[in-house]
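Student: Can you walk me through this model, one question at a time?

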Amino acid sequence: MARYDVLVVDDEKDFRDIIVKKLEKRDLKCDSAPDGATALEMVKAKKYDVVLLDVKMPGMDGIEALREIKKIEPMVEVVMLTGHASVESGINGIKYGAFDYLMKPMDMDPLMEKLDAAYERKRIQQDKIEMAQIKKDMALPG
Amino acid sequence: MIQKLWSGIKEALGIYILPTLSADELQRLFTTKYRCFRELLTANNNALEAMSELETALRDGRTFSMTFIRSKSTVVTVNIFKMIQNLRKMGDGRYLNLEKSFSRIQEQIDAVIDKEIIPVEGDWFIPITRVNRSMVEQTGEKMANLGEAGSLSGINIPPGFAVTASASRLFYLENNMYPAINRIFQQTDAHDIEDMLRRSEEVQQLIINSPLPAELERQLCYQFDQLLEMTDHDVKVAARSSALGEDLGRASFAGLYHTELFVDRDHLIQAYKTVLASKYSTRAMTYRLAKGYRHEDIIMCVGCLAMIEATVSGICYSRSIGGRIGTLDVFFSAGSAKGIVDGTKKTNHYTVERMAPHRIVDKALDADDAGAPLSDQQAVELAQISMKLERHFGSPQDIEWSIDPTGTIYVLQSRPISVHLLAAGAEEGVIFEDDRLLLHGGVTGCPGAGSGPVFIVRTNEDMVQFPKKAVLVVEHPLPEWAPLLKRAAALVAETGSEAGHLATISREFGLPSLLSLDQATHKLVNGETITVDAANRAVYRGRIEELLEQQGKRPNPMDGSPVQQTLTEVLKLITPLNLTDPASPYFRAALCETMHDLTRFCHEKSVIEMFDFGKRYHFAQGAAKRLVDNMPLEWWVINLSDGFAPEFDPVNKFINVTEVVSTPMIAIWQGMHAYPWEGPPSVSMRGMGAIFLQSTMNPGLDPAVASNMNQKNYFLVSRNYCNLSVRLGYHYAMIEAFISSLRTERYVTFRFKGGAADESRRVGRIELLAEILARFDFRVELTGDALNARVEKRKQSFLFGRLKVLGYLIIHTRQIDMVMADPQQCQRYRQKFIQEIEEMLSNDK
């Protein structure tokens, strides 16, 4: 059984395919999208736990996609992928609500660590909200 | 209205009276804060780790690239940004000044890292006869020097033209090449030669396959036609690299770029692009990396010069390398000079006096050519030319020349020889004439001795396999092997001379090299350990310590380079710690000057935010409890969530350690109490003096200021987590651990910094700590007087053991820097510590 759901967004097909395959090997359920617009549609249609998002894509760029994804689904955690290290690209993602960033190319272990941590954060947040909801429901006169 | 005003005033004064919240709301608020706090600490960890990697890189003389600086600085900044965000969340939006300070520092760092590349404007072509030194920005170093040389009377240079920096910049921009190249580079692992070879090929193909802008192509051909008209009609040109941004006095860039010979009109465009592309050859890339140059800063210009039909060619050093004082070197052989600089050809060597009438003091005829093709008269003329160039350029010159069938001498290149290389004259030493001696002979490329296993390199394949610290043995000293010089212990080649490119580079790297050593690839066996004494031109079997001992430290090839300067400047904005004392009125967000200040500030304030939680929200469960203990120190515990036993009554102001259920804290506590503390050691008067001196320099360290010294020490705990910040004596230490059922999450970290006493004592203590920690399986990083140690992802019982070690150490190393100056005392403590820790750990089993 998959541990959690991940969406991989990257315009490079080879990269996408490899990552999806590797993540599935590590018991994650994994979909992929070739661009920002497709990713938005997918986030609307299905609940993902974590999105792995390339910063540099033709069309809608990663930062824009990040902002849109966060609007649609504020609970989802996003990990940005940057090709070229620059302070600015790192910070921008965080500013707009990304969980963290990773530099390409990355090894599997750090990637898994980041994804797990992002999922952990999402899970805690969600638990909190659910607990609050349960308490609210229970407080209602029966 | 009045109420609103009143609350406004209170807010302005920093008085927070928050609405009373229900227990649930408080609990939730607390969990949120706790999460922020955890995230802040993780970010703190990551930032400090990246900082120490940057510092270490600068200190230990390793090679690092701009990519490294960029990516590590990004890690630092991004994590500090996260810390600030989390702290502001914890502080309900306060600490606005932190963001201002952060942006200010971040912009400064950006400005240092991403220096703008200034575009070059101007003509695409300049005839070589019009070129001089002032045009270096347009024509590159080599062509500027050559043009200048040609303007001197009595010096001939071949006709031709320079294709300028504006032209190559246009070519790059039109094809949008920089982003594409950076993308390929970003993913390069510089230590993986195979990877370098592949990516170098990728970039070079990219350049060669990109079209030249049409107008540039048309004009390039036109220039060639002009040259045809000036000279005879089947002239061919040599397309020579002339890079811009090289500081030739410091770094030779010898033979790293391509020269395309015998180029006709049909192949002109291709040749031009091939030379441009050679900026990204593996050897040029490795060299730039090792010497600390940024590829964006180096712009290729190309010189197209009419080919000289050479009967004899060679190299002159206007001041002899390794030879007698007052002489200059003339290396030559028949035909073109290529064989000399590539080291493939055997070379004749005349030593000539620098002073007129330039007497020839020595003739070494090694070349296989029949007779010497250079007349004495020509040797004298070459000496005159060399001295004229040295006088004109103001420093010793390395001159490449050819003589055509009419006997005219053409200067093809003149560049400075770096002076520190000249200083490295060889001193005659002893030769061990016993059975250890394997080979004797050849010429010294760079004096010195090196030892390691033999590794013979013939192909790229071999290059990839080349192990670190091996002795590089080759047939010809080709510039292609340059990427290996940084890894090798010594270089031995069968052919070549000290005038070759590889020999030049070996001198820059301080790598002992021995050239022209007959039979080297046959007599030396792969894997056999040898010692090369390059100065005395001998190769021995085995490792001969007495020869190696005489070695000075190898020069750091990155010293003074642009990349090194960039790192130094970036570090000035990152690592210095100005905010040391939280009690000081200057401990303020607006006064943070470096990234380190920001981390320190955020960390300090986050602890207070966590601690203040109870105070601000009247939330008794969050408040700190004083731990009941017999040590003369104040220990306080803050329960972050489930760190106290359920029976514990939150009304109590004190807590017994038995009421704590935080497993990491219990382990630390056990370590702290495993052995009674002896108290501070007796100190010699000198030791005490050093500490008082420091104390007066830093009032925060004054033992008389009680508030600082007897600060409360806080354990922040949950069941699986513990963070302990301690100010014991003069130093600041922090232990943090998270030990849950999930192995990948587990970690134990220890940081240690500062302390009174002078730098050498502090460093001494820290080295002692580092040694002990490493002995007990910690990964330790040392930077000056700061120490970082961690273990992670191990078995629970193992990690609890390590926490005990830390608990023991923070109590027992207290103030031992007072005795650091006394090696005997120091040794005694060291043994005592290790023995007691081992005993403590073995009791667990």
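**Cysteines, helices and sheets**

Student: How many disulfides does a search of the whole structure find?
Tutor: This is a predicted model, where local features need pLDDT of at least 70, side-chain atom pairs count only at pLDDT 80 or more, and totals for chains, interfaces and linings use all residues. Residues are numbered from 1 along each chain as its sequence is written, chains are lettered from A and ligands numbered from 1 in the order written, and side-chain values use heavy atoms, leaving out hydrogens and water. A disulfide is a pair of cysteine sulfur atoms within 2.5 Å. Over all chains, the search turns up zero.

Student: Is C301(B) buried or exposed?
Tutor: Buried means under 20% relative accessible area and exposed over 50%, with partly exposed in between (1.4 Å probe, protein chains only). C301(B) comes out at 1% relative accessibility, so the label is buried.

Student: How many residues of helix 10 of chain B are buried?
Tutor: Helices are DSSP runs of H or I with at least four residues, strands are E runs of at least two, and both are numbered from the N terminus. Helix 10 of chain B covers residues 268–277 and is mostly covered. Its buried residues include L268(B), Y272(B) and K273(B).

Student: How far does helix 8 of chain B reach from its first C-alpha to its last?
Tutor: The expected span is 1.5 Å times one less than the number of residues. Helix 8 of chain B (residues 193–209) has 17 residues, for which 24 Å is expected. The model comes close to that, reaching 24 Å.

Student: In strand 9 of chain B, which residue is the bridge partner of T351(B)?
Tutor: Two strands pair if DSSP finds at least two bridges between them. Strand 8 of chain B (residues 348–353) runs antiparallel to strand 7 (residues 327–334) of chain B, with six bridges, and D329(B) is bridged to T351(B) there. Strand 8 of chain B also runs antiparallel to strand 9 (residues 360–364) of chain B, over four bridges. On that strand 9 side, T351(B) is partnered by D362(B).

Student: Why is strand 8 of chain B largely enclosed by the rest of the structure?
Tutor: Look at the burial along residues 348–353 of chain B. Strand 8 of chain B has six residues, and it counts as largely enclosed because the number buried is five.

Student: Which are the edge strands of the open sheet in chain A?
Tutor: Five strands of chain A line up in the order 2-1-3-4-5, with parallel pairing. An edge strand here pairs on one side only, which picks out strand 2 (29–33) and strand 5 (100–103) of chain A.
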